[in-house]
Amino acid sequence: MDVNLIFRIAAIGIVVAVLNRVLNQSGREEMAMMTTLAGVVVVLMMVISLISNLFDSVRTMFRL
Amino acid sequence: MGGLLIITASGLLGILFSNRLSSRYNELKNLRRFMQMLETEVTYGATPLPAALRNISNKAEGLISSFFVCISDSLTDRRFYTLWDAWVFAADTALADSSLQRSDIELVKSFGSILGGSDRADQKKHFELFYLQLKHQEDAALEEIKRSSKMYRSLGFLLGIAVFVVLV
Amino acid sequence: MAMSNDIKILEVLDYLPKHIRQMIRKLPEETLAGIEEIRLRLGKPLCVSGCDLELFITADGKDTADAGKAYLVSGDDLKSSLQLVCNFSMYSVEEELKNGFVTVCGGHRVGVCGRVVAENSKVRTMKDISYMNFRIAKQIIGASDKVIGYLIRSPDCIYNTLIISPPQCGKTTLLRDLTRKLSSGSEAHLFQGMKISLIDERSEIAACSLGIPRNDVGIRTDVLDGCPKAEGILMMIRSMSPEIIATDEIGRREDADAIIDAVNAGVKVVTTIHGSSIGDFLKKQDLSRIQRGVFERYVVLSRRNGVGTIEAVLDGSFNLLFDINQK
């Protein structure tokens, strides 16, 4: 577990939140929604390997 | 370091976009101002266009100045035989680097079709109409600034941070 | 800074579209020198004419007497020409268009013809111009030699002179040369030269461009360019203390009144009028005030032996001093 990763996910969260606010304020609501979606996708991609490990370990644990 | 570079580059890009909006507004305002000077030369002085345009280009600066000078020179050099041709050419070259949008440039071009083509009273009416249309564009530009200028600036920096975070 | 006549035609060509200009320039030198008019007519052959010639021009610059082979003038040619003539600014020649012609740099008259827009029976402007006539103004030094002897009273005084002439007979050329001679003086006639104020309403006599006369009108001449005659005469009398007033083509009552004012102020007058004889002058009711007792010399012109032929010179009581028939 990498503390770095947590910080990075947090940073992306903040950035997305601020972007959301700015875009909503200038009326571009569709763009705001897109950025939120993009943020979720990016974070998922960052942790995809961890999630894959998680599922593997759960699978092996239950087969035991 | 690399990260700082990415963030500043992205931020500057955002500022650039934001500035384009405000310079469009300024250019439109300038255009209107110098067109009013041109109107004075035309309706009061009855000065022929090549001389009138050159007089005003001396008082103007930057893009508008080079726009007027381009028309004036191409007419006196006989590169074009009608005002319309010279006007359109100048609009396509001198105004190409401006922050003016296509709708603004089309508006300017359309004015070239009636400039110099009728008597003073008629020209005055056309000038009045042109000012109204320019004011309309100016108001739209101002609206645009209020709406999007801050957005572009924030967008620039934030995207820069996002990229930095993802890559690092 | 007088211009030579060969350059004069080049000045006029500057107001024609490029391809027409090139066509005309290809003509031989002698032809070019003899051209007095270039005519553009929409859809009709391009035509030049002069004293003894009338030619159609083909697309490759050859002259021909056959109208069928000539270059046909297009609508674009007329549009470009008009733009060049009014310097891309119709509003700047608004007043001139009302009279049907524009004077361009060099003193050349460009007649235009098209659809008149009238308002209250007066010409307001002209549009859809389909006919243009470029009249080339030439300065002929010496045009007044034959006539000046009759007009000089003493080394420092002349007679009030009226030149009567039909159109295209050289009246403006004569007036121009007369002005030059009377202003600069003439040794041959023991004339020392007098102060002349020239009111050049159509910018044809001195052909001023940016304030500089393109024609030589004499060393003691003051030129008022583009000013209506009646006002111009009064202005010059008050401001320039002339000894002679020279102006072209009088015809209106105000012009006659201004001339009376000039004569009463002790200023001599040299002027011209349209007509082919003394009779034509005496018939004009608007000029009734100056038909008797004002002019002391009358010069009648025609084209009989070429442009500028002097038909007759008469004195103030209409006695013949010179008659072409009695030579």
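This is a predicted model: local features need pLDDT of at least 70, side-chain atom pairs count only at pLDDT 80 or more; totals for chains, interfaces and linings use all residues.
**Entry 1: which chains touch**

I began with the chain pairs. Two pairs of chains touch, and the pair with the most contacts is B and C.

**Entry 2: chain B against chain C**

I listed both sides of this contact. Chain C puts in 13 residues and chain B 16. On the chain C side, helix 4 (residues 75-85) gives the most, with four residues. I sorted the chain C side by class: five residues are nonpolar, six polar and two charged.

**Entry 3: chain A against chain B**

Here chain A supplies eleven residues and chain B ten. Helix 1 (residues 3-25) of chain A accounts for the largest share of the chain A side, eight residues. By class, I noted eight nonpolar residues, two polar and one charged on that side.

**Entry 4: helix 1 of chain B**

I checked the length of this helix next. Helix 1 of chain B runs over residues 2-43, which is 42 residues. At 1.5 Å a residue it should span 62 Å, and its end C-alpha atoms are 60 Å apart, so the two agree.

Which residues of this helix are buried? I found I7(B), G14(B), S18(B), L21(B), R24(B), Y25(B), E27(B), L28(B), L31(B), F34(B), L38(B) and V42(B). I then looked for what covers them. The cover includes helix 2 (49-59), helix 3 (62-76), helix 5 (102-111) and helix 6 (120-167) of chain B.

**Entry 5: the nonpolar cores**

The largest nonpolar core holds 112 residues. I noted the residues with the most contacts inside it: I71(B), V102(C), V110(C), L198(C), I244(C), I245(C) and V299(C). Helix 1 of chain B contributes the most to this core, seven residues. Domain 1 (5-135) and domain 2 (145-326) of chain C each give at least three residues to this core.

I followed one of these residues, I244(C). Leaving out residues up to four places away in sequence, I244(C) touches I158(C), L182(C), M194(C), I196(C), V267(C), K268(C) and V270(C).

A second core is separate and has 13 residues. V16(A), I7(B), L155(B) and A162(B) are among them.

**Entry 6: the two domains of chain C**

Chain C is divided into domain 1 (5-135) and domain 2 (145-326). I looked up the distance between their C-alpha centres, and it is 29 Å. Six residues of domain 1 and nine of domain 2 take part in the contact between them. The domain 1 side has two nonpolar, three polar and one charged residues.

**Entry 7: the seven-stranded sheet of chain C**

I traced an open sheet of seven strands in chain C, in the order 4-3-2-1-7-6-5 with antiparallel pairing. Which strands stand at the edges? They are strand 4 (63-64) and strand 5 (101-104). Each has a single partner strand, so one side of each lacks a neighbour in the sheet.

I went through strand 3 (residues 54-57) in detail. Three bridges join strand 3 to strand 2 (residues 47-50), and the two run antiparallel. A hairpin of three residues links strand 2 to strand 3. C47(C) has F56(C) as its bridge partner, and S49(C) stands opposite E54(C).

On its other pairing, strand 3 meets strand 4 of chain C over two bridges, again antiparallel. There F56(C) stands opposite T64(C). Five residues lie between these strands in a hairpin, and G61(C) in the turn has a positive phi of about 80°.

Then I checked the side chains. In a regular strand they alternate between the two faces of the sheet.

**Entry 8: helix 4 of chain C**

I came back to this helix last. Its buried residues are D77(C), L78(C), S80(C), S81(C), L82(C), Q83(C) and V85(C). What do they pack against? From chain B there is helix 4 (83-93). From chain C there are helix 2 (18-25), strand 1 (35-41), strand 5, strand 6 (108-119) and strand 7 (122-135). Just after helix 4 of chain C, N87(C) takes a positive phi of about 55°.

Methods: Residues are numbered from 1 along each chain as its sequence is written. Chains are lettered from A and ligands numbered from 1 in the order in which they are written. The expected span of a helix is 1.5 Å times one less than its number of residues. A residue is buried if 20 or more other C-beta atoms lie within 10 Å of its own, exposed if 12 or fewer, and partly exposed in between; C-beta atoms are placed from the backbone. Two residues are in contact if their C-beta atoms, placed from the backbone, lie within 7 Å. A nonpolar core is a set of buried Ala, Val, Leu, Ile, Met, Phe, Trp, Tyr and Cys residues joined through C-beta atoms within 7 Å. Domain bounds come from an automatic or database domain assignment. Ala, Val, Leu, Ile, Met, Phe, Trp, Tyr, Cys and Pro count as nonpolar, Asp, Glu, Lys and Arg as charged, and the others, Gly among them, as polar. Two strands pair if DSSP finds at least two bridges between them.
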